[in-house]
Amino acid sequence: MPDKKLFLLDAMALIYRAHFAFIKAPRITSKGLNTSAAFGFTNTVLEVLSKEKPTHIGVAFDTAAPTFRHVEFEAYKAQREAQPEDIAIAIPYCIKLIKALNIPCLMLDGFEADDVIGTIAKKAAREGFEVFMMTPDKDYGQLVEEHVYMYKPAFLGKGVDILGIPQVLERWQIKRIDQVTDILGLMGDAVDNIPGIPGVGEKTAQKLIEEYDSIENLVVNAANIKGKLGEKVAQFGEQALLCKRLATIDTNVPIEFDFDALQLSPPDREAISHLFEELEFRTLKKRVLGEDDLAPEFRSRPAAKAASNQLDIFGSPAPDSGPSAATTETARESTVLPGDPEATADPAFVPKRNIDNTLHHYHIVDTGETRESLARYLSLQDAFCFDTETTSVNALDAELVGLSFSYLPGEAFYVPVPADRKEAGDILADFKDVFENGQIEKIAQNVKYDIQVLKNYGIEVKGKLSDTMLAHYILEPEKR
């Protein structure tokens with residue numbers, strides 16, 4: 001792991017992402033509070049701390065004050081829909097979370113979060129940090145350089161995506177990183193009300209920049225472009241230059257910050273406990289604080305050093321006494337959270353994963369809309385796991401009670417199936433094409449049983465099959 005690993009999180013982008021991830025199945029407390037955005041954001045932050053082990057971290061927020069972009073272009077973001085009320089409610093809770101975790105909140109009136117992140121990222125890279133900008137926002141590609149990366153979080157079936165220079169160049173089909181702003185200036189951004197050149201999409205923008213290198217050179221050569229495209233470039237060239245400026249992230253924000261202040265520190269356990277109680281994040285509280293709120297490894301470790309070799313959210317093994325690189329990589333696969341009863345001081349120890357020490361998202365899928373959405377995402381996978389819940393161990397007599405699916409570690413979906421045969425058939429019809437798609441591998445425990453149960457409902461499971469029960473027998477035939 002790098003000696004200095006800095007994560008900079010774009011708070012608003014991650015909060016919006018969390019809100020829409022739960023839009024079809026929101027989390028509501030007993031008092032009627034929608035905590036979906038706060039819950040998703042909390043899990044995202046804990047995942048980063050647990051899996052990526054940053055030495056330094058900061059979270060950037062937008063402010064309500066207008067920015068320099070609004071001054072130059074009054075219509076900037078003018079048509080953006082009003083912020084959903086549930087997000088407005090979630091933001092203060094997310095700020096409380098960050099403060100309880102003793103992570104600095106980074107913001108400055110007159111500038112957006114991406115300007116703040118861009119400024120700190122560039123300076124940090126010059127100070128020897130490996131910098132990861134955590135956001136789903138494509139505009140951050142313009143900031144990528146050696147030691148500065150985009151870190152796109154996992155979302156709806158797609159895993160984490162880390163983009164360095166080669167990945168950004170390939171993504172936009174350009175020769176240089178600075179050409180990202182040329183592409184953005186030409187195609188515009190409907191979300192931010194940046195118009196670009198009307199009728200020019202991503203593919204056309206890429207072709208124009210490939211040939212003319214920049215918007216400035218494109219405008220100079222507008223007369224040489226034939227047809228309606230040339231007319232549009234001539235008519236809207238100055239607008240495209242304006243849009244390029246609007247899309248350019250300012251990396252010279254006059255923000256005061258100290259890299260020592262960004263160093264990962266022990267959290268405020270009491271504040272976290274109160275916040276999680278208010279939001280009714282009881283399982284999260286149990287996993288983060290442990291069965292006993294006095295879990296010492298979470299509370300008492302000094303910020304500057306890790307006295308224990310236990311792998312947990314708020315620290316990694318001491319450099320001189322930690323496990324080998326291979327052991328560390330194995331341990332990273334098993335998310336160890338504070339309060340894990342199996343944790344020991346043995347640096348080579350890799351605990352067994354269970355529901356109490358592993359971050360997870362389990363969803364009930366009980367509407368036609370959510371079943372359709374799940375089936376669509378399953379159809380995009382190379383492989384997925386599934387299981388049948390039934391009324392009998394005899395496959396010929398068994399009736400379905402439910403189906404479960406998983407295609408990402410720590411995330412699973414349960415589909416209840418009613419006893420009424422016709423209603424059950426209607427539900428299973430949503431997944432028939434997925435099960436009968438021969439290009440998708442299916443993974444199950446005792447898959448022969450599941451295949452027979454589904455066959456009773458008119459579904460022929462096709463494609464490559466993997467059976468964990470058979471795999472276990474082959475690997476350890478002497479065990480049960």
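I took contact to mean heavy atoms within 4.5 Å. Axes are lines fitted to C-alpha atoms, for helices over the stretch in contact, and angles run from 0 to 180 degrees between N-to-C directions. Helices (H or I, at least four residues) and strands (E, at least two) are DSSP runs, numbered from the N terminus.

This is a predicted model, where local features need pLDDT of at least 70, side-chain atom pairs count only at pLDDT 80 or more, and totals for chains, interfaces and linings use all residues. Residues are numbered from 1 along each chain as its sequence is written, and side-chain values use heavy atoms, without hydrogens and water.

I started with the whole chain. I found 18 helices and 12 strands. The chain has 480 residues, and 48% of them count as buried (under 20% relative accessible area, 1.4 Å probe, protein chains only). Among contacts with a separation of 6 or more, 65% join residues 24 or more positions apart.

Next I went to the sheet. It is open, with six strands in the order β7-β10-β9-β8-β11-β12 and mixed pairing. Two strands pair if DSSP finds at least two bridges between them. Neighbouring strands here are turned by 25° against each other on average, direction ignored.

I then checked one pair. β8 (residues 383-390) and β11 (residues 441-444) run parallel, joined by three bridges. Ala383 has Glu441 as its bridge partner in β11.

Last, I looked at what covers these strands. Helix α16 (residues 421-435) lies across β8, β9 (400-408), β10 (411-416) and β11. Helix α16 runs at about 40° to β9.

Note on methods. Buried means under 20% relative accessible area, exposed over 50%, partly exposed in between (1.4 Å probe, protein chains only).
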